[in-house]
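This report describes the surroundings of selected residues in a protein chain. The sequence and structure are shown first.

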Amino acid sequence: MSKRGAFRGGAMPGGMNNLMKQAQKMQRQMEEAQKAVEEMEATASAGGQAVEVTVTGKHEMKSIHLSEEVVDPDDIEMLEDLIVAATNEAMRKLNEQSEALMNEATGGMGGLGALGGGLPF
């Protein structure tokens, strides 16, 4: 019988071992990047600095600053809109920073989702 196409000792395990090492390295890099993301902060303002919001990498609002002139009891709706706008902008900035950091950690593979569902790490 022909041994054509048969596994010839050693060639595959070395390559598989190398692949596993690379996967483990990428996993460590992603874990480090995730920790860095959690420590990030993003600040944004709305209404010409009337409302300023800071959010953390854990997607929690850390602080909000309101200018006195924006606090008008007769126009609470405007203040609410400015808070929402500033918060959304801060979250958008945070997501951009986070995505850039994760792309750097994964070599631009976008969290491995490009591999069809990603890998389990």
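In this predicted model, Ser-98 is in contact with Val-37 and Met-40, when neighbours within four places in sequence are left aside. Ser-98 itself lies in helix α2, which comprises residues 76-105. Its relative accessible area is 17%; because buried means under 20%, Ser-98 counts as buried.

Glu-104 also has its place in helix α2. At 65% relative accessibility, Glu-104 is exposed, since the cut-off for that class is over 50%. In sequence, Glu-104 and Met-30 are 74 residues apart, whereas their C-alpha atoms are 9.1 Å apart in space.

Ala-46 belongs to strand β1, formed by residues 41-46. With a relative accessibility of 11%, Ala-46 is classed as buried. Apart from neighbours within four places in sequence, the residues in contact with Ala-46 are Val-51, Leu-82, Ala-85 and Ala-86.

| Residue | Relative accessibility | Class |
|---|---|---|
| Ser-98 | 17% | buried |
| Glu-104 | 65% | exposed |
| Ala-46 | 11% | buried |

Which residues does Ala-46 contact, leaving aside its neighbours within four places in sequence? They are Val-51, Leu-82, Ala-85 and Ala-86.

Terms used. Residues numbered from 1 in each chain as written. Predicted model: local features only at pLDDT ≥ 70, side-chain atom pairs only at ≥ 80, totals over all residues. Heavy atoms only, no water. Helix = DSSP H or I, 4+ residues; strand = E, 2+ residues; numbered from the N terminus. Buried < 20%, exposed > 50% of the residue type's maximum accessible area, 1.4 Å probe, protein only. Contact = heavy atoms within 4.5 Å.
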